[in-house]
Amino acid sequence: MHTASLHNLVDVEGPFVSVFLDVGDHVDLRWRAMRDQLQAQNADAYLMALAHKAIASGVTPRGFAGRALIVGDGRVLVDQYVPVPPSGYTARFGRLPYLLPLVDLSEPLLPHVVVQVAEHGADLRGVDPSGRPVAVASVGARRPGRRLDAAELADVAEEATTLVDRLGASLLVLAGPVAGRRSLRVALPNKYHHLVVEVEGPADRAVLHLAGRANQDARRVVVDRFRDESSRLTGRAVHGLDPVVRALEAGDVETLLVTDTLVGSREVDGGRADEVLPLRAVAAGAEIVLVGGAVRLHQDVGALLRS
């Protein structure tokens, strides 16, 4: 994740309320559970009220289902919608903002096209890596109340493939009743069949999981470079808390690598490592990459250093 957009957090005095939630449905129930969790952490009542106001007044844009909020210094500092909703929710009160969930949720989607097939027409939507619909279209039967005929299905197929080519999409989702999906699949040119995934009913939730995140290639590049640099005597890679902290303090870090298991029980300068290290990366203008189990890092943290 590029961290330039978070630089406004660096010099803000804490404490902070950081919340990450699915805003696709049942938002009130989720916020109630998060509020109880924050109260158990003795969170500042005014910061909770600001978070509540932001959540209650927000309208989720089409194509987005997750939301990240960081509140501190008497104001909302981060309010970002993300295409992939978090599993469950996260609510944390602390002297520093909690940024790792935002890093996770901000990873891009695969560009994709969704075709919602109905008996009398089809709605099409092209979605870019940010999760934002960049093109929409509807194709209906030429005679109202009649099913799509072969020529009209060919129109839908042509519109869908045009969107796929325009976006460079690697996923074409056909949703709706099985008969309509199968008929449209037959109408598609053969060269697009390997991109097709069929889902039953409305597509939005299923597509978020099918599209996944498109950062695998970018993550692989970072991991391969880290391994390569680590194998050299003069390589520009370090791992373990102390070496990484020193490199961050010196402004030498280009990319901070964190495994998904970095936990708050590890401390840095009296603070939680999973809060301190990402914020210091932001201050240093470093990128942050969650590497999961792709590479073993001592104490779950590593860094690629600037050349």
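**Contacts of Arg181 and the surrounding elements**

The side chain of Arg181 makes a polar contact with the side chain of Glu200 at 3.2 Å, where a polar contact is a pair of N or O atoms within 3.5 Å; within protein, one must be able to donate a hydrogen and the other to accept it, and residues adjacent in sequence count only if both atoms are side-chain atoms. The structure is a predicted model, in which local features need pLDDT of at least 70 and side-chain atom pairs count only at pLDDT 80 or more, while totals for chains, interfaces and linings use all residues. Residues are numbered from 1 along each chain as its sequence is written, and side-chain values use heavy atoms, with hydrogens and water left out.

A polar contact also links the side chain of Arg181 to the side chain of Glu198 (2.9 Å). Arg181 is buried, with a relative accessible area of 6%; buried means under 20% relative accessible area, exposed over 50% and partly exposed in between (1.4 Å probe, protein chains only). When neighbours within four places in sequence are left aside, Arg181 is in contact (heavy atoms within 4.5 Å) with Val117, Leu174, Ala175, Gly176, Glu198, Val199 and Glu200.

Arg181 belongs to helix H5; helices (H or I, at least four residues) and strands (E, at least two) are DSSP runs, numbered from the N terminus. Helix H5 covers residues 178–187, and Gly180, Arg181 and Leu184 are buried in it. These residues cover an arc of only 100° around the axis, which puts them on the same side of H5; the arc is that of the directions from the helix axis to the C-beta atoms. Ala179 and Val186 are exposed on the face of H5 turned away from its buried side. The packing partners of the buried residues of H5 are strand S5 (112–118), helix H4 (150–167), strand S8 (172–175) and strand S9 (196–199).

Strand S5 is mostly covered, with five of its seven residues buried. S5 and strand S6 (residues 121–127) run antiparallel and are joined by seven bridges; two strands pair if DSSP finds at least two bridges between them. The two strands form a hairpin with two residues between them, and Val114 stands opposite Arg125 in S6. S5 runs parallel to S8, to which four bridges join it. Gln116 has Ala175 in S8 as its bridge partner.

Aromatic rings were also examined. Rings of Phe, Tyr and Trp (its six-membered ring) pair if their centres lie within 6.5 Å; planes under 30 degrees apart count as stacked, over 60 as edge-to-face and the rest as tilted. By this rule there is one aromatic pair. The ring centres of Phe20 and Tyr98 are 6.5 Å apart and the planes lie at 85°, so the pair is edge-to-face. Phe20 lies in strand S1 (residues 16–22) and Tyr98 in the loop between strand S4 (89–94) and helix H3 (100–105), so the pair ties together parts that are 78 residues apart in sequence. Phe20 and Tyr98 are both buried. The charged end of Arg92 sits over the ring of Tyr98, 3.5 Å from the ring centre; the criterion is NZ of Lys or CZ of Arg within 6 Å of the ring centre and within 35 degrees of the ring normal.

The chain contains nine helices and 15 strands. Of its 307 residues, 47% are buried.
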